[in-house]
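Work through the exercises below with the sequence and the coordinates at hand. Each task is followed by a solution in steps.

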Amino acid sequence: MAPVPRVKLARQLDSSLEASVGQCQHIYSVAKAMPSVYDHMGEWKEHSEVFLDSADLWHSGPEREGIRVLCSLLNSMRRLPLLELEPNNKSPLQTIGEEQTQNPYTELLVLRAHRDIVRFLVQLDDCRFASAGDDGIVVVWNAQTGEKLLELSGHTQKITAIITFPPLEACEEKNQLILTASADKTVIVWDCDTGRQVRKVSCFHSTVKCLTILQRLDVWLSGGSDLCVWNRRLDLLCKTSHLSDTGVSALIEIPKNCVVAAVGKELIIFKLVAPTEGSLEWNILEVKRLLDHQDNILSLVNVNDLSFVSGSHVGELIVWDVSDWTVQACERNFWTQLDTQQEIKLCQKPNDISIHHFTWDEENVFAAVGRGLYVYNLQMKRVIACQKTAHDSSVLHIARLPNRQLISCSEDGSVRIWELREKQQLAAEPLPTGFFNMWGFGRVNKQASQPVKKQQENTTPCSLELIGDLIGHSSSVEMFLHFEDHGLVTCSADHLIILWKNGERESGLRSLKLFQKLEENGDLYLTV
């Protein structure tokens with residue numbers, strides 16, 4: 001029997017986590033026909049006997065152990081050469097063992113409410129978040145307990161953008177508002193405390209693909225085939241003429257009342273003109289078009305007060321000056337720069353080098369490039385660390401954590417935690433010896449030093465080390481949110497949201513509650 005591809009078998013096993021045990025046994029029988037895989041199935045078979053009478057593996061109690069064993073099995077199978085998905089001429093996917101001592105997320109809660117792909121998550125406050133996707137509904141959740149708080153229904157098609165709308169400082173009402181845009185060509189303002197639909201706009205000529213808030217001016221912008229400016233009451237203040245059929249894919253705010261809009265492979269600088277004594281009307285003016293990208297722009301972010309960064313479909317990363325909009329730095333070829341020992345590929349598949357997402361800190365820009373992760377240092381203007389095959393498929397979302405850590409999620413259904421570590425520097429080149437070398441005549445030594453110098457130039461000073469692998473989704477993980485105290489939230493094309501919890505912290509909280517309950521009942525004070 002031909003070996004089953006790694007991802008296909010992984011999908012079957014992941015899907016079995018929310019299926020009946022009978023279906024799990026079917027997966028087991030499929031894998032049994034593969035001797036090298038069957039060797040890793042013994043532990044699962046042994047534990048599966050414990051919960052054969054259960055109808056759902058997601059129940060608490062003994063069944064939770066079944067989830068742990070299945071995930072452990074999946075990790076083991078990912079390390080098998082027989083199940084290698086990619087051809088031999090590609091770099092192997094980095095894997096991690098079952099003992100993930102630096103991964104705190106050892107418990108999970110599965111949240112069910114959506115009926116289609118969940119694409120968006122947005123944090124409302126310290127303990128609430130909202131989810132939205134292709135079923136057109138917005139769900140508000142408690143990030144601590146996983147409780148479903150509200151379900152907001154009003155759109156008739158999939159949601160294409162969502163953003164929080166902070167209340168005004170001077171306003172007495174402090175209710176949390178969110179804006180949602182949909183393929184039904186509407187935008188709705190929701191009150192997330194009451195679930196009330198505050199206002200709705202349905203005068204758009206095309207789908208709104210992005211939303212942004214300019215809090216200082218107390219306006220918000222919508223990007224589609226036009227760029228529109230709105231006030232808090234959803235009155236249209238001004239708009240551009242038709243920009244393109246592709247529309248505005250991303251928007252960011254920059255100083256001097258300007259915004260940057262990604263339209264196809266162009267970046268357009270617009271300036272907002274607020275009402276003055278001479279003019280009572282708003283206006284939006286096109287200031288400049290930046291044409292340095294060769295293909296469609298997929299990602300656009302502000303990294304600090306001085307720079308913003310854009311990334312394209314063909315792997316171009318450009319750092320722009322925020323004041324005069326000139327190019328500060330550019331990286332156009334991530335794949336061939338960092339690995340001189342491998343054969344340089346003259347052509348790559350576009351999705352192998354597409355830059356889907358950015359995150360950043362004070363020193364670096366972290367880029368999701370195809371299946372890989374790259375760390376670009378802003379001061380050195382070069383890539384200082386990379387993992388070319390961080391995932392099996394394209395990386396869709398990344399975020400920076402404290403302690404030089406990074407989280408990434410992918411179309412392959414995985415969520416991974418990485419740590420940026422400094423490599424040991426190469427030993428310094430020895431000083432030349434001998435009479436002739438003293439006077440600079442040592443031609444042989446000079447030539448011998450050139451490969452060392454070249455190696456130092458091409459070697460990255462840091463590395464990205466895999467320290468955690470979270471397995472729970474059975475399809476593409478679209479994005480995630482990180483709550484410092486309440487864990488990690490992921491959403492997926494499998495219609496599920498998973499709330500990943502710090503197992504050690506949760507265990508401590510349960511023990512504390514138990515002692516408090518015993519103390520209330522007087523059970524802690526036993527007489528001898």
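The model is predicted, so local features need pLDDT of at least 70, side-chain atom pairs count only at pLDDT 80 or more, and totals for chains, interfaces and linings use all residues. Residues are numbered from 1 along each chain as its sequence is written, and side-chain values use heavy atoms, with hydrogens and water left out.

**Exercise 1. Decide whether the faces of β20 are covered or open, and list the pairing on each side.**

Step 1. Buried means under 20% relative accessible area, exposed over 50%, and partly exposed in between (1.4 Å probe, protein chains only).

Step 2. Five of the five residues of β20 (residues 317-321) are buried, so this strand is largely enclosed by the rest of the structure.

Step 3. In a regular strand the side chains alternate between the two faces of the sheet. In β20, Leu317, Val319 and Asp321 are on one side, Ile318 and Trp320 on the other, and both faces are covered.

Step 4. Five bridges tie β20 to β19 (residues 307-312), antiparallel, and four tie β20 to β21 (residues 327-331), also antiparallel. Val319 stands opposite Val309 in β19 and is the bridge partner of Ala329 in β21.

Step 5. The hairpin of β19 and β20 has four residues between its strands, and Gly315 in the turn has a positive phi of about 80°.

**Exercise 2. Where do Leu234 and Trp325 lie, and what is the phi of each?**

Step 1. Most residues other than glycine have a negative phi.

Step 2. Leu234, in the loop between β12 (227-231) and β13 (236-239), has a positive phi of about 70°. This residue is buried, with a relative accessible area of 9%.

Step 3. Trp325 is in the loop between β20 and β21, and its phi is near 65°. At 15% relative accessibility, Trp325 is buried.

**Exercise 3. Describe the lining of the largest pocket.**

Step 1. On a 1 Å grid over the protein atoms alone, a pocket is an open set of points where a 1.4 Å probe fits, with protein on both sides within 12 Å along at least five of seven lines; lining residues have an atom within 4 Å of a point.

Step 2. The lining has 48 residues, and Phe120, Ser249, His357, His397 and Met479 lie nearest the centre.

Step 3. Among the elements that give two or more residues to the lining are β2 (118-123), β14 (248-254), β22 (355-360), β26 and β30 (477-483).

Key: Pairing = 2+ DSSP bridges.
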